[in-house]
Amino acid sequence: MARAQKGHKYVSGLLSFSLVLLLFMLATFVGAVFSYSYVKRAQENFQNPKPIFIPVDERIYIDIPRGSRTDTIAKILEEYELIKYPQLFKILSKVNGFDGHYQSGTHIVSRDLSYDELMIVLKSDPEMVRLMFPEGLNARQIYDVMINSALANGGDVEDYVESRDTEFNYDFIGWQNRYQVRPDRLEGYLFPDTYDFDLNASPRMIVETFLNNFNRKLTEEHYERADAIGLTIDEVIILASLIEREAKNEDERFLVSGVFHNRLLGGDEDMRALQSCATIQYIIYQRYGYMPRRITDADTRIPDQYNTYLHKGLPPGPICNPGISSINAALYPAQTEYYFFVARGDGSHVFSRTYEEHREAILEYGLNLMP
């Protein structure tokens, strides 16, 4: 009887073990099939992600710092209540092959996104603001473009630039010794171009984007040419800013440059007063916030260091942010005998050799009508 009971227990135990083993094998097989299917689907989504649309009222903006690892990203998502299980997110991220592919910057997500969808969004390019800054805008006009855009920190850029605590370590910036007389510290060096900014880009990142672009645009040839004609880069940018504002016609920029060079280098001391109407425009804009199209005789007597009717030589700083064409014109002026020019009002100019010719042009086309 005892032997029969032992045999029964042995058979029962063997059956139980076999059943457990079978269930374990079945679970392993199902898990393997599920994992293979999940990984395959995730890889397909990774390589060919489907567009993820998030309604405006459900959008959440999150910022992923540069260099963030997956565990840091998981914590950020948990803090925003976008995921409940950060450990699971890290496991799935590794299984999917997303680790190391997440993009820093601002991303738009929602609480309805799955873990996979969150990963797809975060590995995509961050949300950007594209802003175009045409040649000839002054610094305050550039700041206004940023303020009126979706750029989160655009309104703080001017405060950052003008702060005494802010330093700019760029060799080409030569305004340090004349800081007190310049209305805007970086006038002339905010290079005009089309820029893509991260939505939450810091003021420092925004400003460095402009300055780095300026640094790339100016080649060794520009520096060598400036030295050859006896100008500092700062003086080249000041002159280029006058050319940019005076000449909208690219073909005439070199002629306008030639006039300014002739007046600056000529033997007649009185001619060194450049009498640029664009500097009067700048004064009025800085004081009253608008850009007059016609300059009056009274305007030319405004007491200001930027008034090139009253003060000889170049003004204390640039009056706008010139493009590369005007910079080249400042460096390579046309060789002419012109000492005067007057705007026709259609963007072109009449150039004159003598003051008598210049007076006739003024009488014909009107006094100082800006393009």
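1. Q275 is partly exposed, because its relative accessible area is 37%, where buried means under 20%, exposed over 50% and partly exposed in between (1.4 Å probe, protein chains only). Q275 sits in the loop between α10 (250–265) and α11 (277–288), and has a positive phi of about 50 degrees although it is not a glycine. Most residues other than glycine have a negative phi.

2. This is a predicted model, in which local features need pLDDT of at least 70 and side-chain atom pairs count only at pLDDT 80 or more, while totals for chains, interfaces and linings use all residues. Residues are numbered from 1 along each chain as its sequence is written, and side-chain values use heavy atoms, with hydrogens and water left out.

3. E81 also has a positive phi, of about 60 degrees, without being a glycine. E81 belongs to the loop between α2 (70–79) and α3 (86–96), and counts as exposed because its relative accessibility is 59%.

4. R185, in the loop between α6 (157–162) and β4 (194–198), is buried yet has no salt bridge (a side-chain nitrogen of Lys or Arg within 4 Å of a carboxyl oxygen of Asp or Glu). A polar atom of the R185 side chain does, however, lie 3.2 Å from the backbone oxygen of T166.

5. E221 is found in helix α8 (residues 220–228), and counts as partly exposed because its relative accessibility is 48%.

Technical notes: Helices (H or I, at least four residues) and strands (E, at least two) are DSSP runs, numbered from the N terminus. Lys and Arg count as positive and Asp and Glu as negative; His and the chain ends are not counted. A polar contact is a pair of N or O atoms within 3.5 Å; within protein, one must be able to donate a hydrogen and the other to accept it, and residues adjacent in sequence count only if both atoms are side-chain atoms.
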